[in-house]
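Hello,

Here is the structure you asked for. Please open it first, then read the notes below it.

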There are 2 protein chains.
Amino acid sequence: MSLVRVQNFAISLDGFGTGEPQSFDEPFGHAGERLHEWMFATRFWHAMSGEPGGSDGIDNAFAERHETLGIGAEIMGRRKFTPETGPWAKVGEEDEWRGWWGPNPPFHTPVFVLTHYPRPAMEMEGGTVFHFVDATPEEAVAMAKEAAGGRDVRLGGGATMIREFLTAGVVDRAHFVVVPIVLGRGERVWDGLEGLEADYGIEQVSSPSGVVHVTLTRRGLSQSNAS
Amino acid sequence: MSLVRVQNFAISLDGFGTGEPQSFDEPFGHAGERLHEWMFATRFWHAMSGEPGGSDGIDNAFAERHETLGIGAEIMGRRKFTPETGPWAKVGEEDEWRGWWGPNPPFHTPVFVLTHYPRPAMEMEGGTVFHFVDATPEEAVAMAKEAAGGRDVRLGGGATMIREFLTAGVVDRAHFVVVPIVLGRGERVWDGLEGLEADYGIEQVSSPSGVVHVTLTRRGLSQSNAS
């Protein structure tokens, strides 16, 4: 069975998944890279960047789940793809915005970008294809599952889309990483989710790096499905 | 040196220190007792309640710091003392409200209750004396330190007063306990504290009970003072 998962989504102590304002220079706003330093230190990240070394403990164990365990598609909010809002600029032109990740993005699967302004798909090197869809969480999950060919669907964020998908009840498992900083402003993940513990088993485990890994597993997910 | 400390202040995953609405029947609102179950299971709590047993691990180690380490006074927000707002009812009458804790409250020291409606002090059994003062965080800390006779001052909560005292910069150490529930509403502790990590070293450690202990230590507190 194909699961819908949030993986390695970092938030501050006060629950913000990104700072503000987001821009082309500062995709995470005033948060900068502080929410992700725990991941940069892992073997997973080092390997992806072609560097030797990296930590091999709990942070790496979680980080590796980002892609090694059968992800067949991602859904992301538009603001993960671009800080622009409103109608897209330069569609089809040579210098149009093609995401933060260069010509060969690290997804290597179909990626569904949620937007109220649909546009033609964008095929990148390495198997990543960006689809731009105006869809509810349920519709987006249906599309992504079909594209994932039996593998899991990753919800890539930001905080707002993760909150909306949790509210819609379409998330099977979620992994958050609580970084010990207080951002004070930005997009917050927990708002409006009162009573989430009724639907999910919640585990918290601290890492020597200083972060806490919080995992939510939907109650009633059978062992075989949760493998 | 006398330190100003927050000890064993429980919050939800989304940062709420109490639910709503608060009432005489439900002092923590819809949170009920869920924020404090981790403490009820400790040896510290069992002993205070005259019961045998209780856990003796990390949760107990923190819980015991509540009073065994030289607390000489407490400051609390009015809403920790009573759900009433506005002018006090029945001042001096036989059935006036004297707090949640019965005739012998567990403080055994002077307790400064912050209120915009000062009233005469209330002497209880066992050494607890409630003082009702209209004071800024700085003023309240000065009063409490003088009353504490060289011992530490505990900030008892709720979330709003802890946030105000952190904002005022008068807190030396703070210990929060993150309980894996999402309350969604109530009083939130982290709001308006952007960049708190610049002033405090922050440590997070998970307990087998499911909670995470988050400790803040003011940077520059010397080893001898922080003992």
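**What holds the interface**

Across the interface of chain A and chain B there are six salt bridges (a side-chain nitrogen of Lys or Arg within 4 Å of a carboxyl oxygen of Asp or Glu). Look at Arg34(B) and Glu197(A): their side chains form a salt bridge, 2.9 Å from N to O.

A word on the source. This is a predicted model, in which local features need pLDDT of at least 70 and side-chain atom pairs count only at pLDDT 80 or more, while totals for chains, interfaces and linings use all residues. Residues are numbered from 1 along each chain as its sequence is written, chains are lettered from A and ligands numbered from 1 in the order in which they are written, and side-chain values use heavy atoms, without hydrogens and water.

**The two sides**

Chain A brings 28 residues to the contact, and chain B brings 28 residues (contact means heavy atoms within 4.5 Å). Together they bury about 2200 Å², with 51% of it on carbon and sulfur atoms. Buried area is the accessible area (1.4 Å probe) that two parts lose on being put together, summed over both.

Which strands of chain A supply at least two residues each to the side that touches chain B? They are β8 (173-179), β10 (200-206) and β11 (212-218). Strands here are DSSP runs of E, at least two residues; helices are runs of H or I, at least four; both are numbered from the N terminus. β10(A) gives the most, with four residues. The side of chain A that touches chain B divides into 15 nonpolar, six polar and seven charged residues. Nonpolar means Ala, Val, Leu, Ile, Met, Phe, Trp, Tyr, Cys and Pro; charged means Asp, Glu, Lys and Arg; the others, Gly among them, are polar.

**One loop residue**

Arg151(A) sits in the loop between α5 (137-148) and β7 (152-155) of chain A.

Best wishes
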